Amino acid sequence: MFELNKKRTSDDVDLLFSDWYDDMTLLALEEGKTDAHIYVDNLDFAHVAIILRGFRMRIAGDPLDKNVVAAVQDFFDNVLIGNTDPDMPKYLIIYYQESEWQDVLLNILSKINPKYFARTYYRLNMLDHIPDVPLLEGHRFVNIEEVYNTMQDYENYKTVVQEMQSEISSPENFLKYCFGVCTVKDHTITGWAMAEYVNLSGCEIGFNIPEENKETENTAPALIAEFMRMAKDRGLQYVGWSGYKHNSFGAEAVQAAGMKHTKDYPCIYVDL
């Protein structure tokens with residue numbers, strides 16, 4: 001049976017995730033800059049570990065070990081699937097390194113219709129050029145902290161707050177660990193870019209432009225470029241972006257803001 005590991009990290013968990021050396025969640029977790037939770041099958045020495053951060057799960061262990069598979073099956077059946085705890089996720093994006101996990105997880109989750117997806121990753125190192133993408137006339141950049149504290153009556157405010165909590169437990173914790181910027185026009189928040197997985201070296205970006213505000217192709221790249229300037233001013237060395245491979249809008253936007261494609265990787269999506 002899985003138990004919550006109350007340590008931030010431990011040698012056995014680090015060993016299980018040793019192949020995930022550049023994973024942003026792990027880096028942030030080790031530095032205490034995220035409120036992710038670690039579950040292990042044994043508190044004395046873990047054979048399999050699960051990291052939950054919002055709706056994202058990372059799983060490490062031997063998928064060919066029957067005891068490991070049985071423990072993971074038990075975790076899904078008795079902790080996740082059908083849970084009514086408001087603090088637990090209602091859907092998951094599950095990441096794994098060993099390719100054998102794909103068939104194991106699809107089998108464990110077969111009754112609730114899991115879906116396999118390919119994801120892609122882009123990155124810009126802060127030593128590289130950040131392009132100067134002009135913002136649309138009438139729009140302005142506003143720090144997300146100012147948005148949260150002063151723009152409660154603006155259109156899309158609630159959506160922005162929901163996004164702040166998508167992988168962090170509260171807006172206050174978001175502002176403690178992360179940062180971001182919005183575009184604003186008149187009395188409407190027209191777009192937002194937020195830091196995810198902030199560590200001492202870098203972060204990932206999450207961004208969105210509401211459909212009704214996608215007036216030109218420059219809106220998202222301008223917002224992303226401004227966010228990257230903020231990251232550079234904070235002393236971060238790189239910004240990354242992860243998205244589904246079929247998300248052509250996101251890929252085009254980050255490339256227009258200067259990011260380069262670095263890798264593709266698998267995941268499984270499931271509603272709980």
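Predicted model: local features only at pLDDT ≥ 70, side-chain atom pairs only at ≥ 80, totals over all residues.
Twelve strands form an open sheet of mixed pairing, in the order 1-2-3-4-5-12-6-11-10-9-8-7. Its edges are strand 1 (3-5) and strand 7 (140-143), each of which pairs on one side only. On average, neighbouring strands of this sheet are turned by 30° against each other, direction ignored.

Within the sheet, strand 6 (residues 115-125) pairs with strand 12 (residues 260-271) in the antiparallel sense, over nine bridges. Tyrosine 122 has histidine 261, in strand 12, as its bridge partner. Helix 8 (residues 219-233) packs on the sheet, where it touches strands 6, 7, 8 (180-185), 9 (188-196), 10 (202-208) and 11 (238-244). The direction of helix 8 makes about 140° with that of strand 8.

Helix 3 comprises 15 residues (66-80); at 1.5 Å a residue it should span 21 Å, and the 20 Å between its end C-alpha atoms agrees with this. Its buried residues are Val68, Ala71, Val72, Phe75, Phe76 and Leu80. Because these residues cover an arc of only 135° around the axis, they lie on the same side of helix 3. Among the elements that cover them are strand 2 (37-40), strand 3 (48-53), strand 4 (56-61), strand 5 (91-95) and helix 4 (101-108). The face turned away from this buried side carries the exposed residues Lys66, Asn67 and Asn78.

Both ends of helix 3 can also be described. After the helix comes glycine 82, whose phi is positive, near 75°.

Methods
Residues numbered from 1 in each chain as written. Heavy atoms only, no water. Helix = DSSP H or I, 4+ residues; strand = E, 2+ residues; numbered from the N terminus. Expected span 1.5 Å × (residues − 1). Buried < 20%, exposed > 50% of the residue type's maximum accessible area, 1.4 Å probe, protein only. Arc of directions from axis to C-beta. Contact = heavy atoms within 4.5 Å. Pairing = 2+ DSSP bridges. Axes fitted to C-alpha atoms, helices over the stretch in contact; angles between N-to-C directions.
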